[in-house]
Amino acid sequence: MSQLVAYVNYAVDSGEHIERVVEIYESADCISGQNPRTEKENANMKTQTGADKKVSRCYTITVVCVVVLLCVLLLAAITVLWIKFNNLTVERKQLQTNNSYLTNQRNQLQKEKDTLQRMLEDMDTYTRLEWKYFNSSFYYISTVMKNWTESRNDCINRGADLVIINSTEEEEFIINQLNNNEAWIGLSDTETEGMWKWVDGSKLTIALWHETEPNNHNNNEDCVKIETDKRDKKWNDVPCFNTIKWICEKNVFQ
Ligand code: GN1
Ligand code: CA
């Protein structure tokens, strides 16, 4: 049902011309088919249609404005998010770089910690075993006598090796510990005659031979002992099968 407002003219007794408004409710179908509008009705309808158009235009403009505003806001939001995303990407790359750097640092520190831990444990162990400490190394002087190879094996079994002498200070320290005895040191030319090598494969850094040594006496002297009981307390090459005491060395950094 729709509402139709109609103006009806009445002639009354007093001769006055009165207009009354009558509200008629009827179906739209009925209006279109059976009751053609009067001119006034049509004019009124036109007036209403114009107002509707204005309202409609106003509504359209409002909707367009809102849509444009929303688009602008959306664009702004996308731009802000894009900038933030790029910043986060850069930040993430930096964090990844930092992370790998810190991971390396941590691994390195972990290795250093393990080394120091092992050193402390070694120091504790060799101190309890009453090995003598000098300049980052512990020294053990045997109480029994063996040939050069067996002596070396004994040192290895103790977590060490035959002593390697790198300085006159170290030599003096060892001589003081030997108490006028002689002992094997970790020097030999078993592989090639005359090519003296320490047990770690290194060559001589200092040569503390007695003045007439090494002489490879009887062409059978490939192993070296340190002599403190006679002459000038220095090195002499002798047969490797001789049995004497020996000196082991454990460097805390190895
Ligand atoms: C000789 O003299 P003695 O025993 O201290 C030799 C050494 C040999 C050693 C072998 C001057 O020393 O070179 O290694 O025998 N000394 C000389 O036992 O020939
Ligand atoms: Ca000799």
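This is a predicted model: local features need pLDDT of at least 70, side-chain atom pairs count only at pLDDT 80 or more; totals for chains, interfaces and linings use all residues.
Residues are numbered from 1 along each chain as its sequence is written, chains are lettered from A and ligands numbered from 1 in the order in which they are written, and side-chain values use heavy atoms, with hydrogens and water left out.

Accessibility is given as relative accessible area (1.4 Å probe, protein chains only): buried is under 20%, exposed is over 50%, and partly exposed is in between. Glu213 is buried because its relative accessibility is 11%, whereas Asn215, at 39%, is partly exposed.

## Cysteines

A disulfide is counted here as a pair of cysteine sulfur atoms within 2.5 Å. This rule gives two disulfides.

| Disulfide | S-S separation | Angle about S-S | Handedness |
|---|---|---|---|
| Cys155 and Cys248 | 2.0 Å | -85° | left-handed |
| Cys223 and Cys240 | 1.9 Å | 90° | right-handed |

Helices (H or I, at least four residues) and strands (E, at least two) are DSSP runs, numbered from the N terminus. The disulfide of Cys155 and Cys248 joins helix 3 (residues 148–157) to strand 10 (residues 245–251), so it ties together parts that are 93 residues apart in sequence. Cys155 and Cys248 are both buried.

The disulfide of Cys223 and Cys240 runs from strand 8 (residues 223–227) to the loop between strand 9 (235–238) and strand 10, so the parts it ties together are 17 residues apart in sequence. Cys223 is buried at 0% relative accessible area, and Cys240 is partly exposed at 22%. With the bonded cysteines of the protein chain numbered in sequence order, the pairing reads 1-4, 2-3.

Cys58 has its closest cysteine sulfur in Cys65, 9.6 Å away, which is too far for a bond. Cys58 is partly exposed, with a relative accessible area of 49%, and Cys65 is partly exposed at 45%.

## Nonpolar core and aromatic pairs

A nonpolar core is a set of buried Ala, Val, Leu, Ile, Met, Phe, Trp, Tyr and Cys residues joined through side-chain atoms within 4.5 Å. The largest has 36 residues, and those touching the most other members are Ile165, Ile174, Ile185, Ile226, Trp235 and Ile247. Elements that each supply at least two residues of this core include helix 2 (39–128), strand 4 (137–141), helix 4 (168–178) and strand 6 (182–188).

Contact means heavy atoms within 4.5 Å. Beyond its neighbours within four places in sequence, Ile185 is in contact with residues including Trp148, Leu162, Ile165, Trp198, Ile226, Trp235 and Ile247.

Rings of Phe, Tyr and Trp (its six-membered ring) pair if their centres lie within 6.5 Å; planes under 30 degrees apart are stacked, over 60 edge-to-face, and the rest tilted. There are ten aromatic pairs in the structure. One of them is Trp198 with Trp235, whose ring centres are 5.6 Å apart and whose planes are at 90°, so the pair is edge-to-face. Trp198 belongs to strand 7 (residues 197–198) and Trp235 to strand 9, so the pair ties together parts that are 37 residues apart in sequence. Trp198 is buried at 3% relative accessible area, and Trp235 is buried at 0%. Elsewhere, ring pairs link Tyr126, Trp131, Tyr133, Phe138 and Tyr140 into a cluster.

## Helix 4 and the annotated span

The buried residues of helix 4 include Glu170, Glu171, Phe173, Ile174, Ile175 and Leu178. Among the elements that cover the buried residues of helix 4 are strand 3 (132–134), strand 4, strand 6 and strand 8. Asn179 follows helix 4 and has a positive phi, near 55°.

An unreviewed UniProt entry lists residues 92–129 as "coiled-coil region"; UniProt positions are given in the numbering used here, feature names are shortened, and annotations may be inferred rather than shown by experiment. In the model, residues 92–129 are 97% helix and 0% strand, with the end C-alpha atoms 54 Å apart.
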